[in-house]
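Trainee: I am new to this structure. Please take me through one part of it closely.

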Amino acid sequence: MKVLVVNSGSSSIKYQLFRSQDWVALASGSVARIGEAEGEIRGEWLDWKGERQTSRAPAPIPTHQEGIDHIIAVLRESGVLGDVSELTAIGHRVVHGGEHFKRPTLVDDAVAKAIEEVIPLAPLHNPANLAGIEVTRRLFPRVPSVAVFDTAFHQTMPRTAYRYAIPEFLYTEHRIRRYGFHGTSHHYVAKRAAVLLGKPLAACNLVTLHLGNGASATAIREGRSVDTSMGLTPLEGLVMGTRCGDIDPAIHFYLSKNLGLDTAALEDLLNRQSGLLGICGVNDMREIDRLAEAGDDRAELAIGISAHRIKKYIGAYCAELGRVDAIVFTGGIGENAAEIRCRACEGLENLGIRMDDSANFAIEERGERCISTPESAVRVLVIPTNEELEIAQQALAAASEAAGESH
Ligand code: ADP
């Protein structure tokens, strides 16, 4: 049987099809520029000989419904999906589940309504996620559509970690609290770390660092998230590609009073013009690495500020957890940028963290690996994330559980 994973954004839909017996990814791709005059359909799949094939074609894609139609057509024409009845579940990435959703959930009318109620907390993401869900529910009513939330893994945080020190009514009446994001990725790498450590996840204390264009750190005690760096929105915490992460909130008042910036301008400045881009003019870490090596001082500063912030969170989360089994790096930067990993972990010997520089800088190394020395009390691991696989597995588990309950 097969599980389709759908990541439906406002102007694009990404997908991946898994075979559930062995979790091989049979196909992946995207439809892009939905609603524009000319869209694009991309697909990649394994043919009957197990060889990878690709296709790319322009086509107008007026709505999400047509987008999903194209995806199903590519899957059927390429032969990886004989019929929609082969699908056991469709897993949808949903960015925000508020406090209501603590686990992957089979979508019915009431669940769709509850996801809609969270839209004010994620106005850019949840409507597009919901659009994808509504299409698959309408087109394939017999296939369970399961919502897998970026926030769900963090719903185990204690209130001392998720409440802000602002008046209580802002939480009780306006739902303002820390939610955290990237939960699917933090959960996936935590499970893989437990396997590498040879312990059950419920016995593992971890600091997981998802460092991509968006970046977040999570403190995991006995397999459960107890703190995370992103907050009400994905703007808080680490330095990101174009987002500032932690700053003094008074900077907002200062900018509005002295530079006359309104809310929209502030949002744009802090979400899209800050972070690595704001510091050095470039948001791609590969390019920043190249510039820094060539002596560019602003690129060097961008790496320095990012690593400094990551180190602060490692220290804070080690203090929160008391005992730590491993620090885990993942995401495009976490998996590949050895310099950032090195600087974030250097000088932490008193916390039991001893990096093995030759393992860390071994450029030919890919995949899951340990980059700390054998003496290091805290292991430092690099674990490539696989959010799509995690969504597929969680969707299948939720669909099977729901089927079991209805029998
Ligand atoms: P997203 O959050 O969009 O999924 P990714 O997890 O793909 O992002 O991470 C993107 C970031 O990873 C970019 O800053 C990119 O430059 C960086 N990155 C990817 N490969 C490398 C590499 N080999 N060395 C350094 N940085 C890298």
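Are Y313 and Y317 buried or exposed?

Mentor: Keep in mind that this is a predicted model. Y313 and Y317 are both buried. They also form an aromatic pair. Their ring centres lie 5.6 Å apart. Now place them in the chain. Both belong to helix 11, which covers residues 297-321. Y313 and Y317 are four residues apart there, so about one helical turn separates them.

The structure holds four aromatic pairs. Another of these is Y162 with Y171. Here the centres are 6.0 Å apart and the planes stand at 45°, so this pair is tilted. Y162 has a relative accessible area of 15%. For Y171 the value is 17%. Both count as buried, because the cut-off is under 20%.

The charged end of R177 sits over the ring of Y162, 3.7 Å from the ring centre. R177 also lies over the face of Y179, at 4.8 Å from that ring's centre.

Last, a look at some strands. Strand 2 (residues 12-19) and strand 3 (residues 24-32) run antiparallel, joined by eight bridges. They form a hairpin with four residues between them. W23 in that turn has a positive phi of about 55°. Strand 3 also pairs with strand 4 (residues 39-46), antiparallel again, over six bridges. S30 of strand 3 stands opposite K14. S30 also stands opposite R42 in strand 4.

Terms used. Residues numbered from 1 in each chain as written. Predicted model: local features only at pLDDT ≥ 70, side-chain atom pairs only at ≥ 80, totals over all residues. Heavy atoms only, no water. Pairing = 2+ DSSP bridges. Helix = DSSP H or I, 4+ residues; strand = E, 2+ residues; numbered from the N terminus. Phe/Tyr/Trp six-rings, centres within 6.5 Å; stacked < 30°, edge-to-face > 60°. Buried < 20%, exposed > 50% of the residue type's maximum accessible area, 1.4 Å probe, protein only. Lys NZ or Arg CZ within 6 Å of the ring centre and 35° of its normal.
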